[in-house]
Every structure is written in C-alpha cells, then in structure tokens.
Amino acid sequence: MIVIMSAGSTRQDIEAVQTHLSQRGLQGHINPGTERNVIGVLGEIYPELQNELEFMQGVSEVLRVTKPYKLASKEFASGPTVVEIGEAKVRIGAGNFIVFAGPCAVESEEQVLATADAVKESGAQVLRGGAFKPRSSPYSFRGMGEDGLKLLANARDATGMPIITEVMAPGDVDLVASYADVLQIGARNMQNFSLLDEAGAVPKPVMLKRGFAATYEDWLLSTEYLMAAGNRQVILCERGIRTFETFTRNTMDLNAIPAIHILNHLPVVSDPSHGTGTWPLVTPLAVASAAVGADGLIIEVHPNPSEAKSDGAQSLTFKNFATMMSQVEAVRGALAEA
Ligand code: PEP
Ligand code: MN
C-alpha cells in the first residue's frame with residue numbers, strides 16, 4: 001500500500017501517518033519527492049487500514065500495490081531514481097546515461113591501467129573489472145581476489161574513475177565494499193538471498209544482474225531484497241537470457257529495458273557483452289540498447305582480447321570500443337532531437 005501525501009502536507013502530517021503505522025506493527029518507508037511525498041507501507045495490511053489513512057490530515061490518496069514487490073515498484077517512487085556513484089558522484093538514471101567499461105577479469109596492473117586509460121579517453125565514466133569471478137568451470141581462471149581489488153583501486157587513483165566489481169559470497173561483501181564504488185551481483189547469484197541481504201546493508205550502490213532464467217518479477221523480487229535491507233541505490237542490469245539459440249551465448253532481451261521502466265523506478269543498464277557473447281554483435285546491441293532507453297551500458301574491453309583470461313570472445317579492443325561509443329552517442333543525439 002502507498003500513501004500519497006498532498007502537496008501542502010506538513011512534517012507533522014507525515015509523522016502522524018508514520019506513528020499510526022508503527023503502532024499497528026507496520027513499516028512506513030518515506031520517499032521524498034519534489035512535488036509530493038510518498039509513504040510505502042510494508043507489513044501485514046488489514047482491510048480497514050486504507051480507510052483509516054485516507055481520513056488523516058495531509059493525505060491525498062491511498063493506493064494498494066498489487067505487485068508482490070513494493071519498494072521496487074513504480075508506484076512507490078515519486079519519479080525515476082538517480083543513483084550516484086563514488087566520490088566523483090557520477091549520476092545514472094532519469095536521463096543521466098553512463099558507460100561502465102573494462103576487462104571481464106583483472107589480470108595485471110598493466111592490463112587494468114591501460115584499459116582504464118583507454119575507456120576513459122573514449123568517454124566511459126566507471127571502470128569495471130572482476131576480481132572474484134563466477135566461472136562455469138572450476139578449472140577456468142577464477143580471478144585475482146583481493147590483489148585484483150587493489151589493482152582496481154590503483155586504477156581509480158590514477159584515473160579518477162569509480163570502480164564496479166563483483167561480489168560472489170555473503171562473507172566477502174565487507175571486503176569488496178571496502179574497495180568498490182559499486183557492488184556487482186552476477187546473474188548466477190541473482191537469487192542468492194543471503195548475498196542480497198548482506199549487499200542490501202552496504203551504503204554503496206549495487207548493480208543487480210538479471211539471472212539467465214529469471215522473469216522480470218523474479219528479478220524485481222530480488223531487487224526488493226536489496227531495498228528491504230535498506231539499500232535504495234540499486235541499478236538493474238539486463239545481460240541476456242538463455243534461449244534455444246546456440247550461435248550466441250545468450251539472447252539479449254531488449255524488451256526488458258522499456259518493460260522495466262514501466263514496472264520500476266530504478267536505472268537499467270544493458271550488458272551486450274554477456275548478452276551476445278561475441279564481439280561483432282556487441283556494438284550493434286549497445287546501439288540498440290541505447291535506442292530502447294537503457295540508462296547505461298556495461299562493456300567488456302581488453303587490450304588484447306585473444307589473450308584474455310576470461311570472456312575474450314566478447315571483449316572489444318580499445319579501437320572497437322571507441323567506435324561503439326561514437327555510434328551510441330550518435331543514436332542518443334538523434335533520439336534527443338526526435
Ligand atoms: C561479468 O560481468 O563478468 C559476469 C560474470 O556477468 P554475468 O553475471 O552477467 O554472467
Ligand atoms: Mn565477463
């Protein structure tokens with residue numbers, strides 16, 4: 001249930017609603033807006049509550065949220081959420097478009113620094129790089145661990161770019177959060193609820209990737225875990241789903257981008273690297289993602305993709321990344337003028 005306060009409502013009116021809720025064992029989550037305040041009600045809602053709230057001072061409207069996710073629903077928010085990243089306060093959402101780019105995995109100091117410089121030069125705002133890698137085979141390269149996090153932090157110092165990196169285990173959340181500006185939760189862990197609980201308690205943004213067999217509702221319910229644990233700085237990421245096609249690694253679900261904007265107020269990033277698995281398709285799908293309204297892109301870039309320790313086949317060279325950036329820019333510019 002959500003309570004929409006009228007434009008002229010006072011702080012005391014809001015406090016009275018909060019008290020009414022807490023006396024009944026319910027929680028009120030305030031979402032301050034520029035035009036009106038919205039209070040999301042969580043807990044066991046009883047039939048008379050709607051009427052009780054409707055008659056309170058300063059209340060304009062009381063609506064039932066029929067969706068199983070609440071804080072993650074569009075109704076709960078007073079507009080699109082903007083997430084601020086790192087000390088640089090890079091903004092994403094509500095028309096702020098950003099690109100996260102870097103290697104799939106951190107491999108060496110030279111590799112990370114060279115990639116950070118190159119992607120920054122082409123206009124990327126956030127550096128990506130995995131230090132804890134979820135690999136389908138236990139014999140594949142599984143990342144440099146904390147040494148990799150240190151290399152990412154050095155690259156942040158050198159370039160000023162905030163960093164995003166994956167956390168795989170609940171017990172690693174504090175360690176990864178002590179280095180990262182954004183925590184990435186991977187597709188394989190989208191429904192690792194203990195990990196979501198831990199990441200939800202961190203005062204840093206989280207990027208939640210869609211599981212490869214997850215419906216939008218599953219994905220938004222996982223988002224709800226992060227938000228219910230207190231984290232409102234969540235970025236969603238569409239990274240392709242499993243279909244019967246075998247030529248591509250996954251199938252980019254471009255529907256997801258405008259669909260999530262209908263259902264949810266958080267920014268949505270597209271990951272055409274994992275969504276296609278093959279570098280010649282990355283730029284076309286990056287352009288398409290921008291055209292359907294993605295709030296950002298996350299792209300794998302490597303100084304020498306054929307020697308990458310992970311995901312080389314889907315990694316762009318520095319030159320291909322620069323081309324992708326200018327094509328994306330062109331499409332966004334054209335749309336802005338349309
Ligand atoms: C990654 O970003 O390198 C990654 C492993 O992504 P996903 O969780 O989407 O497979
Ligand atoms: Mn990867």
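Colleague: At roughly what angle do the axes of helix 10 (residues 279–291) and helix 11 (residues 318–337) cross?

Modeller: In this predicted model, helices (H or I, at least four residues) and strands (E, at least two) are DSSP runs numbered from the N terminus. Axes are lines fitted to C-alpha atoms, for helices over the stretch in contact, and angles run from 0 to 180 degrees between N-to-C directions. The axes of helix 10 and helix 11 come within 9 Å, and they cross at roughly 20°.

Colleague: Is helix 10 roughly parallel or roughly antiparallel to helix 11?

Modeller: Angles under 35 degrees count as roughly parallel, over 145 as roughly antiparallel, 65 to 115 as roughly perpendicular, and the rest as oblique. The two axes cross at roughly 20°. That makes the orientation of helix 10 to helix 11 roughly parallel.

Colleague: How many nonpolar residues are in the contact of helix 10 with helix 11?

Modeller: Contact means heavy atoms within 4.5 Å. On the helix 10 side, Trp 279, Thr 283, Ala 286, Val 287, Ala 290 and Ala 291 take part, and they meet Asn 320, Met 324, Gln 327, Val 328, Val 331, Arg 332 and Leu 335 of helix 11. Ala, Val, Leu, Ile, Met, Phe, Trp, Tyr, Cys and Pro count as nonpolar, Asp, Glu, Lys and Arg as charged, and the others, Gly among them, as polar. By class there are 1 charged and 3 polar residues, and the nonpolar ones number 9.

Colleague: How are ligands numbered, and what pLDDT do local features need?

Modeller: Residues are numbered from 1 along each chain as its sequence is written, chains are lettered from A and ligands numbered from 1 in the order in which they are written, and side-chain values use heavy atoms, with hydrogens and water left out. Totals for chains, interfaces and linings use all residues, side-chain atom pairs count only at pLDDT 80 or more, and local features need pLDDT of at least 70.

Colleague: Happy with that. Which residues coordinate the manganese ion (ligand 2)?

Modeller: Donors are N, O and S atoms within 2.8 Å of the metal (3.2 Å for Na, K and Ca), and water is not among the atoms, so sites may look incomplete. The donors here follow the spacing C-x169-H-x25-E-x10-D along the chain. At 2.0 to 2.4 Å, the manganese ion is coordinated by Cys 104 (SG), His 274 (NE2), Glu 300 (OE) and Asp 311 (OD).

Colleague: How many residues apart in sequence are the parts that His 274 and Glu 300 tie together?

Modeller: Both His 274 and Glu 300 are buried, and buried means under 20% relative accessible area, exposed over 50%, partly exposed in between (1.4 Å probe, protein chains only). His 274 lies in helix 9 (residues 272–276) and Glu 300 in strand 14 (residues 296–300), so the separation in sequence of the parts tied together is 26 residues.

Colleague: What is the phi of Asp 311, roughly?

Modeller: Asp 311 is found in the loop between strand 14 and helix 11. Asp 311 is buried, with a relative accessible area of 17%. Most residues other than glycine have a negative phi. Although Asp 311 is not a glycine, its phi is positive, at about 55°.

Colleague: And where is Ala 94 found?

Modeller: Ala 94 is not a glycine, yet has a positive phi of about 55°. Ala 94 is partly exposed, with a relative accessible area of 44%. Its place is the loop between strand 6 and strand 7 (98–102).

Colleague: What separates the C-alpha atoms of Phe 321 and Ser 122?

Modeller: Phe 321 lies in helix 11 and is buried, with a relative accessible area of 1%. Leaving aside neighbours within four places in sequence, its contacts include Val 99, Ala 101, Ser 122 and Ile 299. Phe 321 and Ser 122 are 199 residues apart along the chain, and the separation of their C-alpha atoms is 7.5 Å.

Colleague: Last one: is the crossing of helix 7 and helix 8 left-handed or right-handed?

Modeller: The axes of helix 7 and helix 8 (residues 256–263) come within 12 Å and cross at roughly 55°. Tyr 216, Trp 219 and Leu 220 of helix 7 meet Ala 256, Ala 259, Ile 260 and Leu 263 of helix 8. A crossing is left-handed if the near helix is turned anticlockwise from the far one by less than a right angle, and right-handed if clockwise. The crossing of helix 7 and helix 8 is right-handed.
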